[in-house]
Amino acid sequence: MDFELKHNYHIAVPTAFDEKEEVNSSATIEHILYLQEQGIHSVLMCGTTGEQHSMTLQEKMSLLEAVEKENRWHRDFEILFGVASIRQKEAVELTKYINDLQTVSGILLGFPPYVLPNQAELKGYIESILQVTEKPVILYNNPRRIGVDADAELLNEVFRHSNVIGIKEAGDPQKILQFDVSQKQPFYIYAGGEADLAEKVALGYHRLSSVGGNLYPNEIKEWFDRLLAGATEEFEFAKGLAEKLADSPIDRLKMEITKKEQIDMGRARQPLGNQ
């Protein structure tokens, strides 16, 4: 089975909510379609922006149902979907649901927040999900957000599973130097966001999961491609991006998307946006 994902750059899109903080699937999809029309070939839903942890299993499935019914996706467009839950049972159920969808190309497998599983428990969580999907899986290690850091020994063990094709490592960038992926070709190492990207590329990160791409989709891709080719310059729009997303990044991001695209993304779920 082919577990390859073609595109080295995806945009981590926020989920739109209405004034009652209910999921607005149509606005979420319209924003993704806007990015598609700008020439973007891959997006990540329900990952990175953190909103998935405020969403119920049913909300995620309803959003996926709307994505599956949409008929405007280009043939080569890749949709990745984040799977993570404080309850392993719900993560497994969501993964089973995604496995039967034609529109979802791969899974970003995040770890349970707050509960602090040990390494053995974390391995069991990961493997329970790998067992129920035939989709390509990218692991997502983000200790600052989740509270637990998957160590290199554990990650090297689960890398042996055939459908684990990469990792988004948001912890210590140097950890990737301990990865044993010599038998995994291709194997993708994603940077999470634009911070310190030149340094990460120099270490061996060669794919990008971008939040800033929601506002500067092609500009960030072009900059990333230059970094991969050996350039070291800063992102030209970095200062403006930082200013736009200051204070409350997700809330500000949605406001900027709404202003730029005339698509009502709503606001972040409270307490975010309490200003």
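## Around strand β7

Lys 168 stands opposite Tyr 190 in β7. Strands here are DSSP runs of E with at least two residues, and helices are runs of H or I with at least four; both are numbered from the N terminus. Three parallel bridges link β6 (residues 164-169) to β7. Two strands count as paired if DSSP finds at least two bridges between them.

Tyr 190 also stands opposite Arg 207 in β8. From β7 the chain passes through helix α7 (residues 197-203) to β8, a right-handed β-α-β crossover. Right-handed means that, with the strands pointing away from the viewer, the path from the first strand over the helix to the second runs clockwise. β7 (residues 188-192) is mostly covered, with four of its five residues buried (under 20% relative accessible area, 1.4 Å probe, protein chains only).

## The model

This is a predicted model: local features need pLDDT of at least 70, side-chain atom pairs count only at pLDDT 80 or more, and totals for chains, interfaces and linings use all residues. Residues are numbered from 1 along each chain as its sequence is written, and side-chain values use heavy atoms, without hydrogens and water.

## The barrel

Eight strands form a closed barrel with parallel pairing, in the order β1-β2-β3-β4-β5-β6-β7-β8. Neighbouring strands of this sheet are turned by 25° against each other on average, direction ignored. Axes are lines fitted to C-alpha atoms, for helices over the stretch in contact, and angles run from 0 to 180 degrees between N-to-C directions.

## Strands β4 and β5

β4 (residues 104-109) and β5 (residues 137-141) run parallel, joined by three bridges. Ile 107 has Val 137 in β5 as its bridge partner.

Key. Buried < 20%, exposed > 50% of the residue type's maximum accessible area, 1.4 Å probe, protein only.
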